[in-house]
Amino acid sequence: MTKTEVSQPGRRPWQSRLVLVLAMGIAMVMGFQAPAMAATSGCGSVCDGKDPDTYFATVDGKIMRCNYVDVITPHSATNVELRYSPFCRTAWARQTGSFGWLSGVLVQSYNSNGTLRRTVDDTSTSGTWSAMVNDKGLTARACFYQYDTEWDYEAGNRRILYCTARY
């Protein structure tokens with residue numbers, strides 16, 4: 001062993017290197033990615049309406065769930081957060097407070113000229129977050145809503161109470 005090689009007590013130098021190589025290989029197979037490595041393309045409109053917790057996006061040759069490793073919360077408001085994945089370049093809403101089953105969250109996607117592009121709510125996911133919207137070159141905001149009565153719920157008349165800033 002040279003002076004520059006460091007080995008853990010009881011291990012030979014090649015054993016320490018083998019452990020490191022195996023750990024790196026496992027991380028690559030499981031799809032881990034360093035948070036600083038943002039995607040150059042994102043998954044675009046293919047990710048519109050998909051569940052960020054279960055959808056596996058293929059971006060720049062890598063496969064990963066969008067609600068993983070690099071997710072940030074750029075803005076929050078009462079009972080709701082705007083979540084963003086640099087890997088997928090998507091946004092979605094996550095509920096942080098509740099008025100029970102008569103409440104929920106949605107995400108609104110805006111074109112670069114400020115017009116509303118798409119609204120996606122939490123009805124196709126677990127109910128505590130919305131489905132995703134493409135956010136490459138676009139902006140999005142997350143909103144918390146409530147139905148005042150069961151009749152409003154049946155009629156689809158929700159009242160938006162709080163929204164985050166756009167990101």
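Trainee: Which residue forms a disulfide with Cys43, and how far apart are their sulfur atoms?

Mentor: Cys43 is bonded to Cys47, with the sulfur atoms 1.8 Å apart. A disulfide here is a pair of cysteine sulfur atoms within 2.5 Å. Bear in mind that this is a predicted model, where local features need pLDDT of at least 70, side-chain atom pairs count only at pLDDT 80 or more, and totals for chains, interfaces and linings use all residues. Residues are numbered from 1 along each chain as its sequence is written, and side-chain values use heavy atoms, with hydrogens and water left out.

Trainee: Is the link of Cys43 and Cys47 left-handed or right-handed?

Mentor: Left-handed, at -115 degrees about the S-S bond. Both Cys43 and Cys47 are buried, where buried means under 20% relative accessible area, exposed means over 50%, and partly exposed is in between (1.4 Å probe, protein chains only).

Trainee: How many disulfides does a search of the whole structure find?

Mentor: It finds 3 disulfides. Cys66 is joined to Cys88, S to S 2.0 Å. The torsion about that S-S bond is about -90 degrees, so the Cys66 and Cys88 disulfide is left-handed. Cys66 is in the loop between β2 and β3 (72-77) and Cys88 in the loop between β4 and β5 (90-95), so to speak distant parts of the chain, 22 residues apart. Strands are DSSP runs of E with at least two residues, helices are runs of H or I with at least four, and both are numbered from the N terminus.

Trainee: And what about Cys143 and Cys163?

Mentor: Their sulfur atoms are 2.1 Å apart, and the link is right-handed, with 110 degrees about the S-S bond. Cys143 belongs to strand β9 and Cys163 to strand β10, 20 residues apart. Cys143 is buried at 0% relative accessible area, whereas Cys163 is partly exposed at 27%.

Trainee: What is the pairing in sequence order?

Mentor: With the bonded cysteines of the chain numbered that way, 1-2, 3-4, 5-6.

Trainee: Switching to charges. How many salt bridges are there?

Mentor: The count is 6, taking a salt bridge as a side-chain nitrogen of Lys or Arg within 4 Å of a carboxyl oxygen of Asp or Glu. One of them is between Arg117 and Asp48, at 2.9 Å, N to O. That pair links distant parts of the chain, with Arg117 in strand β7 (residues 116-121) and Asp48 in the loop between α1 (13-30) and β1 (56-59), 69 residues apart.

Trainee: Is Asp48 buried or exposed?

Mentor: Asp48 is buried, at 11% relative accessibility. Arg117 is partly exposed, at 28%.

Trainee: Which residue forms a salt bridge with Arg158?

Mentor: Asp121, with the closest N and O atoms 2.9 Å apart. Arg158 lies in the loop between α2 and β10 and Asp121 in strand β7, so the pair ties together parts 37 residues apart in sequence. Arg158 is partly exposed at 30% relative accessibility, and Asp121 is buried at 16%. Elsewhere, salt bridges that share partners join Asp48, Arg117 and Arg118 into one network.

Trainee: Which ring does the charged end of Arg158 sit over?

Mentor: The ring of Tyr145, 4.7 Å from its centre. The rule asks for NZ of Lys or CZ of Arg within 6 Å of the ring centre and within 35 degrees of the ring normal. Arg166 also lies over a ring face, that of Tyr110, at 3.4 Å from the ring centre.

Trainee: Which residues make up the cluster with Tyr145?

Mentor: Ring pairs link Tyr145 with Trp101, Tyr147 and Tyr153. Rings of Phe, Tyr and Trp (its six-membered ring) pair if their centres lie within 6.5 Å; planes under 30 degrees apart are stacked, over 60 edge-to-face and the rest tilted.

Trainee: Where is Tyr147 found?

Mentor: In the loop between β9 (139-146) and α2 (150-155). Tyr147 is buried, with a relative accessible area of 10%. Beyond its neighbours within four places in sequence, Tyr147 is in contact (heavy atoms within 4.5 Å) with residues including Leu102, Gly156 and Arg158. Tyr147 and Ser103 are 44 residues apart in sequence but 6.2 Å apart in space, C-alpha to C-alpha.
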